[in-house]
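Subject: Handing over a structure, with notes

Dear colleague,

I am passing this structure on to you, and the notes below it set out what was found. Please read them with the structure open beside you.

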Amino acid sequence: MKIVSRKEAKAQGLKRYFTGKPCKNGHISERYTSGGHCVDCNNHLHRQWIDKSPENKRRNLECIKKWHENHHRTPEQRRKQYQKHKKKILAHQKNCVKNFTKEERKLYKKKAVENTKRWRVNNSEKFRLQRKNKWVKEQAIRDEEKRQYYEEHKEEIEAKKKVDREIQDQKTKDNNSRWQKEHPEKNRLKSLAYLARKNGAEGSYSLEDWKYLCNKFDNRCLSCGKKIALTVDHIQPLSKGGSNYNRNIQPLCQSCNSKKRVEATNFIPAGTFLFFPSIMNNQISYRGSK
Ligand SMILES: [Zn+2]
Ligand SMILES: [Zn+2]
């Protein structure tokens, strides 16, 4: 604070002056030009007077209310004023805090918290709206910041996204090929199921069903009886509207399967009782990944 003597202040028409020397209570603060009293002391005494009785408190509030009525400003004006004098106000507030003892500060803080809480309870709708508006406003700022950041780092971000995508694609590819290597039988059935779906055939069967069927006939071709690699043959061919349910498949070797072509020949001996595992497991569809 600039040092101004009482005489100079009077000459300049200032309401306050500042000597830089402490008052009798030790405040290094401004003094009133009119009476030479310490401003901090005055504030302290005023506070004490307010706390003396509820009547004093009421009178003080009334006084403040009247002052605000005479000095009415819109919220926009008030905000502008605050921004203009922000440093001064904050410094003043900090200075004011010094005038109170530790206990007083604690008490006022507690009171302020209680007042806020009470207000929020009594004006819950208004409070909710205020909080929502604040959030919306802040969200708009955040969005704008994000957008700006994106605009400034567009190429960088897009490049990173592309790399990430490529890495993810490669990972998926690797996983798929590993799964295919680890489960060759399931993979074969998966592609068969895909073909059946593509042909418009309904139904599906599980790997266990197929294994059960092969085991049931001693892993032999139902047509020639040879014990060689078996392929899935649809009794009623898919091209002729046959389904892909387990009751429409039979194990045949590759050459018999090719010879059969599009005829609907059932090589399963009549009266054979088939109890497929999928019925036991309630495993209705085969999608390959199980
Ligand atoms: Zn003082
Ligand atoms: Zn055969």
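A word on burial comes before the rest: a residue is called buried if 20 or more other C-beta atoms lie within 10 Å of its own, exposed if 12 or fewer do, and partly exposed in between, with the C-beta atoms placed from the backbone. Please keep in mind that this is a predicted model, in which local features need pLDDT of at least 70 and side-chain atom pairs count only at pLDDT 80 or more, while totals for chains, interfaces and linings use all residues. Residues are numbered from 1 along each chain as its sequence is written, and chains are lettered from A and ligands numbered from 1 in the order in which they are written.

The protein chain is divided into domain 1 (6-99) and domain 2 (202-281), with bounds that come from an automatic or database domain assignment. The C-alpha centres of these two domains lie 99 Å apart. Helices (H or I, at least four residues) and strands (E, at least two) are DSSP runs, numbered from the N terminus.

I begin with residues from the first part of the chain. Glu 8 lies in helix 1 (residues 6-12), and it counts as exposed because it has 12 C-beta neighbours inside 10 Å. Although Glu 8 and Thr 33 are 25 residues apart along the chain, their C-alpha atoms are separated by 9.8 Å. Gly 26 is found in the loop between strand 1 (16-17) and strand 2 (31-32), and with 9 C-beta neighbours inside 10 Å it is likewise classed as exposed. The C-alpha atoms of Gly 26 and Asp 40, which are 14 residues apart along the chain, are separated by 9.8 Å.

Helix 2 (residues 39-52) and helix 3 (residues 54-70) have axes that come within 5 Å and cross at roughly 120°; axes here are lines fitted to C-alpha atoms, for helices over the stretch in contact, and angles run from 0 to 180 degrees between N-to-C directions. The two helices are therefore oblique to each other, given that angles under 35 degrees count as roughly parallel, over 145 as roughly antiparallel, 65 to 115 as roughly perpendicular and the rest as oblique. Trp 49, Ile 50 and Lys 52 of helix 2 make the contact with Asn 56, Lys 57 and Asn 60 of helix 3, where contact means that the C-beta atoms of two residues, placed from the backbone, lie within 7 Å.

Leu 90 belongs to helix 5 (residues 86-97) and counts as exposed, with 11 C-beta neighbours inside 10 Å. Leu 90 and Ala 270 are 180 residues apart in sequence and 98 Å apart in space, C-alpha to C-alpha.

Which residues make up the largest nonpolar core? The core holds eight residues in all, namely Leu 189, Leu 192, Ala 196, Ala 201, Tyr 205, Trp 210, Leu 213 and Ile 249. Helix 9 (184-198) and helix 10 (207-216) are the elements that give two or more residues to this core, and helix 9 gives the most, with three. A second, separate core has five residues, including Leu 230, Leu 252, Cys 253 and Cys 256. A nonpolar core is here a set of buried Ala, Val, Leu, Ile, Met, Phe, Trp, Tyr and Cys residues joined through C-beta atoms within 7 Å.

Leu 207 has its place in helix 10 and is partly exposed, with 19 C-beta neighbours inside 10 Å. Leaving aside neighbours within four places in sequence, Leu 207 is in contact with Glu 185, Lys 186 and Leu 189.

Two residues in the loop between helix 10 and strand 3 (230-234) remain to be mentioned, Asp 218 and Asn 219. Most residues other than glycine have a negative phi. Asp 218, however, has a positive phi near 60°, and Asn 219 has a positive phi of about 55° although it is not a glycine. Asp 218 is exposed, with 8 C-beta neighbours inside 10 Å, whereas Asn 219 is partly exposed, with 14 other C-beta atoms within 10 Å.

With best wishes
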